[in-house]
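Please look over the model below. My notes follow as numbered points.

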Number of protein chains: 12
Amino acid sequence: MSDHHTYKKLELVGSSKISIEDAIQNAISECSKSIKNLDWFEVVETRGHIVNGQVGHFQVTLKIGFRIESS
Amino acid sequence: MSDHHTYKKLELVGSSKISIEDAIQNAISECSKSIKNLDWFEVVETRGHIVNGQVGHFQVTLKIGFRIESS
Amino acid sequence: MSDHHTYKKLELVGSSKISIEDAIQNAISECSKSIKNLDWFEVVETRGHIVNGQVGHFQVTLKIGFRIESS
Amino acid sequence: MSDHHTYKKLELVGSSKISIEDAIQNAISECSKSIKNLDWFEVVETRGHIVNGQVGHFQVTLKIGFRIESS
Amino acid sequence: MSDHHTYKKLELVGSSKISIEDAIQNAISECSKSIKNLDWFEVVETRGHIVNGQVGHFQVTLKIGFRIESS
Amino acid sequence: MSDHHTYKKLELVGSSKISIEDAIQNAISECSKSIKNLDWFEVVETRGHIVNGQVGHFQVTLKIGFRIESS
Amino acid sequence: MSDHHTYKKLELVGSSKISIEDAIQNAISECSKSIKNLDWFEVVETRGHIVNGQVGHFQVTLKIGFRIESS
Amino acid sequence: MSDHHTYKKLELVGSSKISIEDAIQNAISECSKSIKNLDWFEVVETRGHIVNGQVGHFQVTLKIGFRIESS
Amino acid sequence: MSDHHTYKKLELVGSSKISIEDAIQNAISECSKSIKNLDWFEVVETRGHIVNGQVGHFQVTLKIGFRIESS
Amino acid sequence: MSDHHTYKKLELVGSSKISIEDAIQNAISECSKSIKNLDWFEVVETRGHIVNGQVGHFQVTLKIGFRIESS
Amino acid sequence: MSDHHTYKKLELVGSSKISIEDAIQNAISECSKSIKNLDWFEVVETRGHIVNGQVGHFQVTLKIGFRIESS
Amino acid sequence: MSDHHTYKKLELVGSSKISIEDAIQNAISECSKSIKNLDWFEVVETRGHIVNGQVGHFQVTLKIGFRIESS
């Protein structure tokens with residue numbers, strides 16, 4: 001068995017009408033549909049659009065890291 | 001009619017005793033008193049002051065973008 | 001009496017299962033066990049780990065500033 | 001007469017279907033409708049949106065500097 | 001129907017002998033061969049190589065964002 | 001009375017033949033002609049031009065923050 | 001034949017008990033199992049975890065670039 | 001005797017009504033009350049607060065480095 | 001023959017009334033008057049000055065890399 | 001038992017005549033003399049001084065993170 | 001006569017026992033011994049070393065720009 | 001004798017098939033052929049190219065500082 005692992009990082013943008021945390025969770029949920037064993041995330045940018053003077057959606061860019069299975 | 005628009009970005013600091021999201025909304029609400037058609041925001045910095053070992057206010061610096069009406 | 005103060009900044013990582021705000025508060029609470037008169041904080045980085053496709057913990061790196069008492 | 005001047009910088013986003021240079025010029029043209037004596041610009045970010053696999057608009061964020069007249 | 005979407009960002013380097021805009025378009029054209037509904041791009045870096053004292057190719061690193069279809 | 005305030009930040013460039021501190025003060029003085037209750041400043045960049053091998057003017061870009069009165 | 005190419009960049013984290021160079025090589029080796037013609041790498045971040053006061057693993061985040069074959 | 005040393009860096013904010021240099025010196029003076037053999041400093045940020053349209057205090061964040069004595 | 005080379009990078013600012021690409025080429029042309037075998041360039045900053053509400057010159061700061069001949 | 005931990009980060013500069021890895025290890029070794037349970041490190045900067053055209057010492061600035069025991 | 005110029009930027013570190021401004025001037029004075037027509041400078045970093053709890057020298061890294069004469 | 005010195009910084013890229021440290025040393029060795037009294041280096045970027053799934057060369061961009069002799 002190898003004594004080291006290799007990880008890959010993907011960059012996603014999650015969105016939510018509710019909160020920054022919810023936007024993060026939405027991106028992770030979407031990502032875990034196709035990739036197992038997600039390990040960690042890093043927030044890269046927080047922004048959003050505005051509708052009628054209210055936050056419409058929070059949009060959070062994050063990197064999601066996971067171990068490459070064969071490694 | 002022009003086939004392009006020009007946007008302006010303002011830098012504000014919203015604050016809230018409750019949450020980061022609320023501080024963002026407070027800055028947007030204040031800004032929309034004088035400017036219509038706010039379009040998007042970008043979080044630049046998140047900080048706050050501390051009172052008796054508790055977060056006193058969250059202070060979120062954000063840029064708010066809107067289309068210049070004549071453009 | 002001096003007409004100026006000197007401040008020190010520490011770098012901590014607070015974590016929480018609940019929210020970014022709670023992770024910030026947890027770091028401040030821990031820090032205020034040993035240091036009085038904490039003044040302000042600045043968020044440096046927001047990340048977290050993922051368990052079974054859900055955010056396990058939010059991990060927020062922040063700097064906490066306080067006045068050096070003798071200054 | 002003062003031996004120094006003060007300048008102000010505004011942040012705008014110009015757009016164009018044609019080129020980055022045209023997006024810059026569009027922002028400057030819009031800005032000069034209301035402010036005289038624009039002096040310089042600095043490109044902050046270049047991005048755009050995509051329509052049917054083609055660049056729809058180039059969107060260039062720039063800062064525009066001008067001397068405050070009374071200074 | 002979900003009230004939020006998730007987006008993915010890819011990082012590509014487009015090149016062109018002609019212009020920065022053409023290098024951007026080349027990367028987008030290549031990317032749209034395999035991915036539909038590309039939404040936006042962000043320029044990350046502009047560089048190039050030099051041949052006989054002339055720009056050989058412009059090389060533009062950009063991030064391309066698109067909505068994950070199932071989201 | 002609201003329990004929170006909103007602040008606005010402007011970006012200016014002050015100049016001075018004498019010193020960096022004087023360039024900062026000149027920008028603040030100019031800004032306070034039209035805006036009351038300036039609260040804080042942040043230095044963004046320090047540069048200048050050179051005349052005959054001597055500093056001609058120090059040019060200091062700074063952001064100036066103030067509370068929006070109605071907030 | 002086209003007179004230009006398009007490249008893609010992936011972000012990986014290689015690890016090694018031995019050295020930074022070995023961590024880089026491990027990420028490249030893993031990546032080349034599935035992608036041919038890797039061209040270049042760029043180190044983004046170097047970190048690691050500590051076990052009993054010794055470096056446990058070096059963890060090197062790097063971007064790996066390769067030409068898209070059809071381009 | 002070891003052929004290498006280890007250094008530690010602290011982050012402080014010095015302030016002064018007079019000048020940036022004086023704010024730097026004030027932070028160093030405060031720091032040297034408790035730590036001997038301070039070696040170097042690096043300015044991280046320069047800001048200040050404004051009182052009645054005048055600089056109230058310059059506030060300079062700096063890192064101060066010193067050799068760990070046992071090293 | 002050595003199995004490695006060393007490169008040097010110079011920082012120049014090219015300008016042009018026409019385009020960003022032309023400003024880049026002008027800097028490279030000037031640089032190649034005195035240095036042979038220029039290899040690559042990296043754009044560091046794009047700015048310009050404004051004359052009568054029109055871009056006067058594009059000013060592009062770039063680094064130019066070349067192999068040191070003896071290496 | 002608490003369901004969250006708080007971590008502290010220190011900034012050190014390790015040095016070595018041999019390698020970057022050795023400089024990292026030297027800083028960690030020195031740090032672990034006074035603090036138990038060091039968890040991770042992040043390289044912030046790599047530099048060194050030169051003696052007679054040879055690297056004298058590698059100097060690596062790193063942040064070292066550890067869990068606050070009471071947390 | 002050409003309608004455009006090319007500029008070169010050098011990176012220097014000036015030092016002074018007195019002030020940041022004096023360190024800047026010292027670097028410019030040294031540079032103008034060998035190069036005529038220096039045009040502008042940009043401060044990149046401010047640091048210094050400490051002797052007996054006092055600032056020993058301010059060390060200011062700056063870029064100095066000048067027009068290439070033939071351009 | 002002057003009580004201050006001025007330093008110059010050059011930007012080079014060293015390469016090596018062996019290691020990052022060797023690439024640094026190669027750049028310093030090349031630089032010291034023409035300049036005496038090199039003082040220090042700062043690593044700016046680490047990258048490399050890949051040949052057959054192996055690191056071909058490490059390429060390390062570094063700044064090298066030295067005192068201007070007349071200063």
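Predicted model: local features only at pLDDT ≥ 70, side-chain atom pairs only at ≥ 80, totals over all residues.

1. The sulfur of A:Cys31 lies 17 Å from the closest cysteine sulfur, in G:Cys31, which is too far for a bond. A:Cys31 is buried, at 5% relative accessible area (buried is under 20%, exposed over 50%, partly exposed in between, with a 1.4 Å probe and protein chains only).

2. L:Cys31 is in no disulfide either; the nearest cysteine sulfur, in I:Cys31, is 17 Å away. L:Cys31 is also buried, with a relative accessibility of 5%.

3. Residues are numbered from 1 along each chain as its sequence is written, chains are lettered from A in the order in which they are written, and side-chain values use heavy atoms, without hydrogens and water.

4. Chain A superposes on chain B by a rotation of 120 degrees with 0.0 Å of shift along the axis, at RMSD 0.0 Å (least squares on C-alpha atoms of residues with pLDDT of at least 70 in both copies). That is the relation of a three-fold axis. In chain A, the C-alpha of A:Ile20 is nearest the axis, 4.9 Å from it.

5. Only 14% of the interface residues of chain A are also interface residues in chain B, so the copies meet through different surfaces.

6. F:Thr6 belongs to strand S1 (residues 6-16) of chain F (strands are DSSP runs of E, at least two residues, numbered from the N terminus). F:Thr6 is buried, at 0% relative accessible area. Beyond neighbours within four places in sequence, its contacts (heavy atoms within 4.5 Å) include B:Leu12, B:Glu30 and F:Phe66.

Conventions
Disulfide = S-S within 2.5 Å. Helix = DSSP H or I, 4+ residues; strand = E, 2+ residues; numbered from the N terminus.
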